[in-house]
Amino acid sequence: MNAIKGTNRMIWDDMRLYLTIFTSIALGLTAIYVAIGFLFHVSYSSQLFGPMYGGICTFAIAGLITLYPVAIGMGSTRIQFMKSFYIMGAGMVAGTMVILHLIYLIIHLLNTAGWLEVTLLQPGMLYSSNYLVLPYLWMDLMLGFLVLGLSVFLTVCWIRLGMRNFLFLLFGLGLVMSLVVAFGDMGQFTLWIAYQNRMLVFTVLGVIGGALLLSTYPMMKHAPLVRKSSKD
């Protein structure tokens, strides 16, 4: 097995592991929600996307940190590793959303048949109160890519900058955002967002996530095998 195939197989196995773990968590929560609805005949709303988005975030952070030095040690180049990681990351997002929306569809069918009154909240509800498969799936995909891109970007910044400089960066960004919120006209901005097409807004978020993801490519081309220490 050459370095490229070995790297692809290693990242694939890691992605499949995280997808299995967090899918199991989501299925367990779904079973609990459905059991409560059937046994107690109650009507309530809950959410399921948190654990699934958490799976994407965990794969992006833990997978990148643990697999990167192993892949380089196996003979893979940094460029080959990042290309494989991007592809598997996109597969993680797509697989997560397909599984999530299969669960949504089952719950929706149970609701439509009148057998269940439990409602699972979805980001797509901001677009339409009626269940629409493709728009709902698209909006979740865009949020998934935003979570992936942001998680990978922050992890790469940590690898390249070290803990101390990374915390300084986060502090600086937090300070800038706080000043913008405090002195900017956020009410007008919120109203402007509220009047925009929700599908367009979520698409832009997905594009931002993709841009953050791709921005890590030049950052990792000459990255060290170990993270900088907090003293660097």
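1. A crossing of two helices is called left-handed if the near helix is turned anticlockwise from the far one by less than a right angle, and right-handed if clockwise. By that convention H3 passes H4 in a right-handed crossing; helices (H or I, at least four residues) and strands (E, at least two) are taken here as DSSP runs, numbered from the N terminus.

2. On provenance, this is a predicted model, in which local features need pLDDT of at least 70 and side-chain atom pairs count only at pLDDT 80 or more, while totals for chains, interfaces and linings use all residues. Residues are numbered from 1 along each chain as its sequence is written, and side-chain values use heavy atoms, with hydrogens and water left out.

3. As to the overall make-up, the protein chain has six helices and two strands, and from the N terminus its elements follow the order α-β-α-α-β-α-α-α. Of its 232 residues, 36% count as buried (buried means under 20% relative accessible area, exposed over 50%, and partly exposed in between, with a 1.4 Å probe and protein chains only). The chain exposes about 12700 Å², of which carbon and sulfur atoms supply 73%; these areas come from the Shrake-Rupley method with a 1.4 Å probe, and for residues only the protein chains shown count as cover. Among contacts (heavy atoms within 4.5 Å) with a separation of 6 or more, 80% are between residues 24 or more positions apart.

4. Two packed helices are described by the angle between their axes and the distance between the axes. For helix H3 (residues 78-112) and helix H4 (residues 133-183) the angle is about 140° and the axes are 10 Å apart, where axes are lines fitted to C-alpha atoms, for helices over the stretch in contact, and angles run from 0 to 180 degrees between N-to-C directions. The residues that meet include Phe85, Val93, Met97 and Tyr104 in H3, and Tyr136, Leu141, Phe145 and Val152 in H4. By class, this contact of H3 with H4 has 13 nonpolar, three polar and one charged residues, given that Ala, Val, Leu, Ile, Met, Phe, Trp, Tyr, Cys and Pro count as nonpolar, Asp, Glu, Lys and Arg as charged, and the others, Gly among them, as polar.

5. Two further residues of H3 deserve a look. Threonine 96, in helix H3, counts as buried at 1% relative accessibility, and, leaving aside neighbours within four places in sequence, threonine 96 is in contact with Leu19, Met52 and Ile56. Asparagine 111, also placed in helix H3, is partly exposed, with a relative accessible area of 27%; with the neighbours within four places again left aside, asparagine 111 touches Leu116, Glu117, Val118 and Thr119.

6. Strands S1 and S2 run parallel and are joined by four bridges, where two strands pair if DSSP finds at least two bridges between them. Serine 46 stands opposite leucine 120 in S2. In a regular strand the side chains alternate between the two faces of the sheet. Strand S2 (residues 118-121) has Val118 and Leu120 on a covered face, and Thr119 and Leu121 on an uncovered one.

7. Two loop positions remain. Histidine 41, in the loop between helix H1 (3-40) and strand S1 (44-47), has a phi near 55°, a positive value in a residue other than glycine, and counts as exposed at 67% relative accessibility. Serine 128, in the loop between S2 and H4, is buried, with a relative accessible area of 16%; serine 128 and arginine 198 are 70 residues apart in sequence and 9.2 Å apart in space, C-alpha to C-alpha.
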